[in-house]
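Hi everyone, thanks for making time for this.

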Amino acid sequence: MRTDLNRRSLLSRGGSLAPLVGLGLLAGATPAAAETGAQESRLLPLLGTWAVEVTFPSVNRPPEAGLFAFVADGVLVATTTGAGHLSLGSWRLASGGFSFSFRHFMYADDDGTWTGEVRIEQTGTFTSSSWRATGTGTAFDTEGNQVAVVQSATTATRY
């Protein structure tokens with residue numbers, strides 16, 4: 001398990017997406033300000049950046065550390081030590097909590113060849129300073145064939 005995030009690697013892989021994420025953050029500010037007080041206060045606990053730990057209870061795989069950012073307009077930007085690069089997705093409020101999904105590409109460790117993608121879907125509950133979610137990660141090869149489904153659990157604290 002890789003426990004440190006290589007800053008140069010993250011910047012080189014995610015640098016081209018940074019302007020798009022910035023636009024999403026700016027675009028998200030206007031709708032959030034226009035929402036009713038009740039809806040806005042319901043969103044506030046989840047919005048922002050979170051330090052996460054992802055565990056895999058059904059397989060013998062070490063936990064992954066990561067960072068997730070929830071934006072007011074439903075955009076989710078994430079990275080974990082397992083993915084090693086940016087993941088993009090969306091989130092929404094759900095009865096009693098929230099749900100999110102995102103995707104990231106998979107690459108061969110030895111030569112960096114693209115091998116497919118992982119699609120993550122989780123549901124969770126939050127407080128003002130933490131949240132927990134559970135769900136699945138489904139891996140697909142480059143032809144779109146499902147190759148694995150793994151149960152996962154995520155815990156998070158404000159970053």
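**A barrel and its pocket**

What you see here is a closed barrel of eight strands, running E1-E2-E3-E4-E5-E6-E7-E8 with antiparallel pairing. Neighbouring strands of this sheet are turned by 30° against each other on average, direction ignored; the axes behind that angle are lines fitted to C-alpha atoms, and angles run from 0 to 180 degrees between N-to-C directions.

A word on where this comes from: it is a predicted model, in which local features need pLDDT of at least 70 and side-chain atom pairs count only at pLDDT 80 or more, while totals for chains, interfaces and linings use all residues. Residues are numbered from 1 along each chain as its sequence is written, and side-chain values use heavy atoms, with hydrogens and water left out.

Now the overall layout. The protein has three helices and eight strands, where helices (H or I, at least four residues) and strands (E, at least two) are DSSP runs numbered from the N terminus. In order from the N terminus, the elements read α-α-α-β-β-β-β-β-β-β-β. Of the 159 residues, 35% are buried, meaning under 20% relative accessible area with a 1.4 Å probe, protein chains only.

Two strands count as paired if DSSP finds at least two bridges between them. Elsewhere, E5 and E6 pair in the antiparallel sense over 10 bridges, with arginine 103 opposite arginine 119 in E6.

How much space lies in the largest pocket? About 760 Å³. A pocket here is an open set of points on a 1 Å grid over the protein atoms alone, where a 1.4 Å probe fits, with protein on both sides within 12 Å along at least five of seven lines; lining residues have an atom within 4 Å of a point. Of the 32 residues lining the largest pocket, Arg61, Glu64, Gly82, Ala83 and His104 are the closest to its centre.

Which strand gives the largest share of that lining? E5, with six residues. The lining divides into 15 nonpolar, 12 polar and five charged residues, with Gly counted as polar and Asp, Glu, Lys and Arg as charged.

How values were computed
Points joined across faces, edges and corners; volume = space filled by probe spheres on them. Buried < 20%, exposed > 50% of the residue type's maximum accessible area, 1.4 Å probe, protein only.
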